[in-house]
Amino acid sequence: MRKEWVAKRQGQSNVTQMNYARQGIITEEMDYVAKRENLPVELIRDEVARGRMIIPANINHLNLEPMCIGIASKCKVNANIGASPNSSDINEELDKLKLSVKYGADTVMDLSTGGGNLDEIRTAIINTSPVPIGTVPIYQALESVHGNMENLTPNDFLHIIEKHAQQGVDYMTIHAGILIEHLPLVKNRITGIVSRGGGILARWMLHHHKQNPLYTHFDDIIEIFKKYDVSFSLGDSLRPGCQHDASDEAQLAELKTLGQLTRRAWEHNVQVMVEGPGHVPMDQIEFNVKKQMEECSEAPFYVLGPLVTDIAPGYDHITSAIGAAMAGWYGTAMLCYVTPKEHLGLPNAEDVRNGLIAYKIAAHAADIARHRIGARDRDDELSHARYNFDWNRQFELSLDPERAKEYHDETLPADIYKTAEFCSMCGPKFCPMQTKVDADALTELEKFLAKEPVTQG
């Protein structure tokens, strides 16, 4: 679909959606997104130009179906996949990708750190994916020097970043906001630095006693991103890893730097979203969202969770979906899912499914709370189907139709029960929805109550 769109941009030095939007140009991607979101295309263009919305769409990702991330659009959900040195392979990751797309992931991040040839895994994922693909290039940079972090040079980072861009990666987590002067601020934390990329850079800075090379070479990264239309996902290296560490001095110091970097990228018309925490108590979520908007000039916010308690290993898709729904309500543009395996191991296909559905619920709940146009239409339609005992229509409208049907059929599997006016909870005699009163009867009752005292039965 995008082959002809992109061909017209060959030879231009800056092919970002923001660059076109700031010239008043409506690209094919903007038009496509406007139709998907049911929003005026001029609004999409203006939000992209303002920096409050991004359309992650690398010119080399030709099979992409463009989407947007921003406060003016629906709340989005990202799914993480990726092979590790201890588990998984390319076929398993492709299965996870397909499952993620099936259950509604708006973007997918390939966080592979091993388990095969990383270039082959990434290329296969991009070539298969209709949704934007994000990566964390520092992982491959470390792998390229066989894990010897102290051997990494700025050119190593830039080489890997350009490789990812050439392969078609739509957005990259760049941990440019963690500075050497921030490191002493983590000494009173319980969990220290929990970001993998942040941890790698912290060790590099402590070893060399030099500033973060992604910060000092940020303008070089900008030049790469301009050529391919890669969006920044500015990494929160100092995100809190537990309730105790939330909203502390280290996190907020990095956030201020991320705001400065956001505006620097915008000077070159490069798209930016900003990553956020992490683990945050419920009473601090609104503060975190509003603080990000203030520091980062309303660039789209992309949060992991946040988890609202730390005592539920095995259920962190729930502890985080609670925080995610609140974050989306307060204005977060995209939610990064958490699976039941968070803190415990590498997710399998069923974990991906459970994490993604939990986050689709959170994002949809946020859209309803923000009164987005049409957000509740599906809810109302399912409610009508439920009241009319139209079981098959209920299944169709569910976020996970297969699971809804599976649970119904555990006790009442026969086809006759797909039209029954009860389920196995209440049985045939006690379902309250069987109490159907027509409108005329209710009108007569209203008239009666208006003129007659109600007597005790």
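**Notes on salt bridges and the core**

1. Arg393 pairs with Glu396 in a salt bridge, with 2.8 Å between the closest N and O atoms. Keep in mind that this is a predicted model. Both partners sit in helix α17 (residues 391-397), 3 residues apart, or about one turn of the helix. Arg393 is partly exposed at 28% relative accessibility, while Glu396 counts as exposed at 52%.

2. Arg122 and Asp119 make another salt bridge, and here the closest N and O atoms are 2.9 Å apart. The two residues are 3 apart in helix α6 (residues 118-128), so about one helical turn separates them. Arg122 counts as buried because its relative accessibility is 3%, and the cut-off is under 20%.

3. Asp409 bridges to Lys418, the closest N and O atoms being 3.1 Å apart. Asp409 is buried at 14% relative accessibility, and Lys418 is buried too, with a relative accessible area of 9%. Elsewhere, salt bridges with shared partners tie Arg2, Lys8, Arg9, Glu28 and Glu29 into one network. A search of the whole structure turns up 36 salt bridges.

4. Now the inside. The largest nonpolar core has 116 residues, and the members touching the most others are Ile174, Phe225, Phe232 and Tyr359. Helix α15 (residues 349-369) supplies the largest share of this core, 7 residues.

5. What does Ile174 touch, leaving out residues up to four places away in sequence? Its contacts are Pro137, Ile161, Leu214, Ile221, Phe225, Phe232, Ser233, Leu234 and Gly235.

Methods:
Residues are numbered from 1 along each chain as its sequence is written. This is a predicted model: local features need pLDDT of at least 70, side-chain atom pairs count only at pLDDT 80 or more; totals for chains, interfaces and linings use all residues. Side-chain values use heavy atoms; hydrogens and water are left out. A nonpolar core is a set of buried Ala, Val, Leu, Ile, Met, Phe, Trp, Tyr and Cys residues joined through side-chain atoms within 4.5 Å. Buried means under 20% relative accessible area, exposed over 50%, partly exposed in between (1.4 Å probe, protein chains only). Helices (H or I, at least four residues) and strands (E, at least two) are DSSP runs, numbered from the N terminus. Contact means heavy atoms within 4.5 Å. A salt bridge is a side-chain nitrogen of Lys or Arg within 4 Å of a carboxyl oxygen of Asp or Glu.
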